[in-house]
Amino acid sequence: MVIYSGSCREFQDDVDTLQITETISRSYEQVFKRKVSPQEKRSWENSLSYMERAVRRSNAPDDCGILIEFNLPNTSRRIDFIITGEDAQQQKHLLIVELKQWERAEATKMDGVVETWFSHGKASVSHPSYQASGYRKFLCEFNEAIQTEGIRTKSCAYLHNYQEHDPEPLHDDVYRHYIEDSPIFLREDHHLLSRFITEHVGKGRGLDILYAVEHGTIRPSRKLIDAVGSLFTGNAFFTLIDEQKVLFELLKQRLCRSSKEVTVISGGPGTGKSVLSFNVLYALLKERRNAVLAAPNAAFREVMKSRLSQAGLKKKSRNLEDAFVLDAIITGSAGFLNVPDDSYDVIIVDEAHRLKDGTAYAYSGTSQVHDVIRAGKQVLLFADDNQMVRPEDIGSSQNIADAARSLGAKVHRHELQVQFRCSGMEGYINWLDHVLQIQDTGNFDGWDPSAFRFQVCGTPQEVHQQILARHGEGSYARMLAGYAWKWTSEREGNKHGEVCDVVIPEHGFDLPWNSRSARSTWAIDDSGMQQVGCIHTSQGLEFDYVGVIIGRDLQFDPASMKFHASWEDCRDNNGKKGLRNNPERLLKLIKNIYRTLMTRAMKGCYIYCC
């Protein structure tokens with residue numbers, strides 16, 4: 001998907017006649033079905049006038065190709081500027097230019113990360129050279145024309161408003177590796193950028209290259225497939241057992257068909273949905289299918305990407321070291337809104353019960369269920385209706401099936417039943433469903449306590465002590481709680497979990513919620529042991545042990561033997577929106593939250609009830 005495509009001559013004429021911004025804006029609104037912000041228009045007008053001067057000074061021939069706002073395959077990210085052409089040796093080139101409006105920055109000790117200022121304040125972001133390199137590598141991994149037609153790629157960053165400082169933070173030695181790969185040009189370096197353009201595309205003949213890249217088939221490279229495969233080999237987490245293996249083989253055959261079909265796989269916590277989803281993804285990549293795994297929960301996908309990256313480093317598989325490449329195969333669920341119909345061979349959705357409706361924050365569509373099914377030829381969704389925890393969650397098995405039929409897709413249903421979490425204690429989950437009055441179960445009397453430990457503690461300190469003890473023994477353990485306490489904002493000084501929000505005064509207990517700066521990776525962050533995670537930082541993940549604090553949002557009346565939800569004590573504003581007068585719906589969602597929290601563990605669960 002591209003917003004602007006043309007020859008070098010056409011680009012220069014559009015800038016000279018002041019038409020470039022309006023041309024791009026019209027195309028943008030046609031593609032994305034939404035208005036362009038004034039800020040983005042100003043950004044284009046400013047940056048593209050600087051790029052036009054750099055291109056003109058380079059004496060780039062009229063038949064070089066220009067692409068602006070080129071959408072990276074399988075993502076919502078866009079490359080600012082691409083110019084195509086041949087060098088003096090008649091070698092085909094594609095040159096990526098990442099444009100920035102920055103005026104100042106600060107170096108950090110984090111790899112490839114700098115700090116700069118935006119209208120809302122200072123933020124940590126990728127170094128421009130790192131970003132440019134990542135986009136180039138990403139494009140090379142997924143655009144078949146680049147892989148097969150001998151097109152060489154180069155990248156750079158141009159900060160046209162940025163006056164060099166002494167010393168210059170962006171040139172700090174910690175970023176040397178990235179700058180060597182993708183040079184960074186500041187305000188005074190415009191002549192160097194022009195020379196860089198001349199060196200790589202100075203002989204023109206770029207329109208055929210532009211056409212090949214713009215229309216190139218989206219297909220994972222063999223190098224990427226090998227890299228992904230190295231992470232699966234010998235990794236026990238991805239081992240398929242019994243019914244998982246049978247269903248995996250069936251899905252491999254079905255998902256290679258060209259017909260429009262939707263497969264819904266339901267299963268409770270710990271039935272191996274995620275293991276199966278990742279195995280299917282790898283199998284499709286090996287067949288060089290344009291496949292992607294989408295996960296609505298940011299914490300789940302970021303933890304999985306982190307684990308894959310770490311496995312790649314351990315196995316010296318540097319092809320997956322770059323986050324941009326992993327983003328191509330593991331993505332969020334909001335990016336399918338304006339994707340053309342059937343763009344993907346296969347879309348796999350893990351945690352599909354968390355797909356959103358139009359009330360969700362930062363999502364401008366009406367149904368992510370419809371978006372996903374429309375964008376994929378074959379769509380595979382893993383769902384557990386009892387893990388829907390907000391009113392905006394619409395990914396129930398029935399809603400998915402209804403949406404599929406409305407879009408003309410054939411529907412298949414399967415269910416995973418074998419329990420792999422909670423030490424395989426199906427009795428524990430049945431008991432939990434019965435106790436929480438989620439459903440009456442025929443088998444709720446108990447389980448083997450030596451295999452899975454469940455303990456109600458008298459104080460929250462005792463829960464935390466148990467978790468610390470299990471962690472000290474080498475187990476993977478975390479504290480969790482229902483969203484029954486305020487989460488102090490970053491603006492109020494709570495970026496890194498500085499404020500102890502989870503307070504139980506009758507026991508003198510206080511701990512902070514999970515850090516805002518590491519909310520997506522809190523589950524594997526060292527600081528997480530002294531913080532409390534919530535449903536949004538733990539759903540989809542599994543631990544050896546969990547300690548769960550049940551807040552005052554869920555209350556029990558011993559006289560009626562019934563639960564009820566406290567709207568006032570639920571502090572998740574999006575989770576209770578519109579439910580003040582719908583106590584039954586609120587109660588169901590809050591019970592789902594606690595059921596989900598108490599089924600995150602493999603070996604044991606400790607709880608305290610407020």
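The expected span of a helix is taken as 1.5 Å times one less than its number of residues, and helices (H or I, at least four residues) and strands (E, at least two) are DSSP runs numbered from the N terminus. This is a predicted model, in which local features need pLDDT of at least 70, side-chain atom pairs count only at pLDDT 80 or more, and totals for chains, interfaces and linings use all residues. Residues are numbered from 1 along each chain as its sequence is written, and side-chain values use heavy atoms, with hydrogens and water left out.

**View 1. Helix α17 and its buried face.** The 13 residues of α17 (residues 460-472) should span 18 Å at 1.5 Å a residue, which agrees with the 18 Å between its end C-alpha atoms. Pro460, Val463, His464, Gln466, Ile467 and Arg470 of α17 are buried (under 20% relative accessible area, with exposed meaning over 50%; 1.4 Å probe, protein chains only). Seen down the axis of α17, these buried residues fall within an arc of 155° (from the directions from the helix axis to the C-beta atoms), so they line one face of the helix, whereas Gln465 and Gly472 on the other side are exposed.

**View 2. Surroundings of serine 515.** Serine 515 lies in the loop between β19 (509-511) and β20 (532-533), and it counts as buried because its relative accessibility is 4%. Leaving aside residues up to four places away in sequence, serine 515 touches Lys495, His496, Gly497, Trp522 and Gln531, where contact means heavy atoms within 4.5 Å.
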